[in-house]
Amino acid sequence: MRVGLIAIVLLHGLYGQTFDPDLLSKEKNLQLQLDFEKNEAQTKILRDSWIEPVNGSYSGSFKEQFGQQQQNYSGSVSIDQPIFKSGGIYYALKYASANAYYNRLGLKLGERALIKEVISSIIALRITDLSIQKARLSVQDREAETAFNKESLHAGEMDLGSFNLSVIARNDAQSALEALLAQKAEQLYTFSMLSDADYQKVSLPQLQLLDKKRFTRTHIELGQMRQDFRQKDYAHGVTLTSYLPQLSLSASYNYSKSIDQTFSESFTPYDAQSEYLQYGFRFSMPLFDINRGRTIESAKIDMLKAQSQLEEKSKEIALFYEKTVTKVTHLKKQAALARETITLYKEVLAKMKALVDSGDKDAIELLKSQNAFKAKKIDLQIIELQKQAELLNLYEKIGTEGTL
C-alpha cells in the first residue's frame, strides 16, 4: 500500500514537473490565465441565470398649461422570480456545473497542448544537436579520407576519378551538416515563439510507460467527453421540464407623486403622493406547442449522440495507447541493439588500436572506427529522446486522480 502511495505521489510530481506552465512565454501564460478567468466568470453567469434581475424604474413628466406647470413622478422596484419549474431549476444548475467543468477541461487541454509543444520542441532541438554532432563526425571522416587520398594521388597510388569521388563525399557530408544547422535555426524560431526558456538548460524528467487503466481513467479529453454527455443529459432535462408546470412569485414597490394638478383632467387642486406594495404569484404551463415533441426529441438525440461520441473516444484512446506502446517497445529494442553494438565497438577499437600501433592498419581506419563508436553512442541518445517524445504523447492528456 505504501509503495502504491509513493508511486502516486511521484507521478503527481512528474505531471507537474513535465507540464509546468513556466515553460511557456509570459504572453502565452497571460493569455491562458485570462481564458481561465473568463471561463470562471461565464460559469457564474450561467449558474445564476435562473435568478431574475430586480428591475427599477423612475420617470417624470411635465405639462405647461395656463401659466402653471404640472409635474408627475413615478418609480417602482420589481421582481418576477420563478421558484418552481418541475425540476427545471435543478437541471439548469446541473447543466451549468457540467458546462463549467467541460470548458475548464477544454482550457486545460489547450494549456497542456501548448506546454507539450514546448517540450516536443526541446526534444526536437536536442535531437538536432545530436544529429549535428554525428554530421560533424561524418565531415571529419570525409575530410580525413580526402586528405589521405590526396597523398595517395600524389604518390600515384590512386587515380583522379577515385579522388574526386572522395571530395564529392566530403562535400555531401558538409552539405548535410549545413542542412541540419538551417533546420536548427527554424526550430529555434518556433521554440522562441512559445517559450522564453533556454532549451539547453530545461531539466526534463524521464517519463515511464503509464498503466493502461490509469491512462484511461485520468484522460482529460475522455473526462471532457463525459462532461459533454452529462451536460447534454441535463439540457434534455431542462427542455423536458420547460413544458411542465412552473410557479413564479412577483413583488413590486410603487411610488408616484403629482404636483399642481389644478388644471389636470382629474382637477385636483393639491399635490398628490402615493406608494404601495404589490405582490402575487403566477402558475403557468404551456397547454399546446406544436414543436414540443420535436424539441424534446432533438435534445434527446443530442444526448444520445454525445454518448456515442464518448464510446468512440474511449475506443480511440485505447487504440492510441496500444499504438504508443508498440512504438515504445520497438524503440526499446533499438536501444538494446545500440548498447550491444557499443559494447562490440569497444572490443573492435582495442584490436584496431593494436593493429595501428603494429603498422598493420592506417591511422585513418582507427579514426573512422572511433567516430563510428561515437556516432553509435549518439544514436542511443537520440533513441532515448525519441522514446521520451512518444511517452510525452501519453502524458499530454492525462490528469491526476480525482480531477475527472
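The model is a predicted one. Its largest nonpolar core has 37 residues, and the count of salt bridges comes to 19.

**Nonpolar cores**
- Within the largest core, V118, F215, L394 and Y395 are the residues that touch the most other members.
- The elements that each give two or more residues to this core are α3 (88-154), α4 (160-194), α6 (220-241), α7 (292-358) and α8 (363-395), and α3 supplies the largest share, 10 residues.

**Helix α7**
- The 67 residues of α7 should span 99 Å at 1.5 Å a residue, and this agrees with the 98 Å between its end C-alpha atoms.
- Just after α7, G359 adopts a positive phi of about 90°.

**Salt bridges**
- E40 pairs with R104 at 3.2 Å between the closest N and O atoms; because E40 lies in α2 (residues 26-47) and R104 in α3, the bridge ties together parts 64 residues apart in sequence.
- R282 and D80 meet at 2.9 Å, N to O, and so strand β4 is tied to strand β2 (residues 68-84) across 202 residues of sequence.
- E221 in α6 and K397 in the segment after α8 are 176 residues apart, yet their closest N and O atoms lie 3.0 Å apart in a salt bridge.

**Surface patch**
- V54, V77, Y253, L277 and Y279 make a nonpolar surface patch of about 570 Å², in which L277, from strand β4 (residues 272-284), is exposed at 64% relative accessible area.

Methods
Residues are numbered from 1 along each chain as its sequence is written. This is a predicted model: local features need pLDDT of at least 70, side-chain atom pairs count only at pLDDT 80 or more; totals for chains, interfaces and linings use all residues. Side-chain values use heavy atoms; hydrogens and water are left out. Patches are made of residues with over 30% relative accessible area and no salt bridge: like charges are joined within 9 Å, nonpolar side chains (Val, Leu, Ile, Met, Phe, Trp, Tyr) within 5 Å. Accessible areas come from the Shrake-Rupley method with a 1.4 Å probe; for residues, only the protein chains shown count as cover. A salt bridge is a side-chain nitrogen of Lys or Arg within 4 Å of a carboxyl oxygen of Asp or Glu. Helices (H or I, at least four residues) and strands (E, at least two) are DSSP runs, numbered from the N terminus. Buried means under 20% relative accessible area, exposed over 50%, partly exposed in between (1.4 Å probe, protein chains only). A nonpolar core is a set of buried Ala, Val, Leu, Ile, Met, Phe, Trp, Tyr and Cys residues joined through side-chain atoms within 4.5 Å. The expected span of a helix is 1.5 Å times one less than its number of residues.
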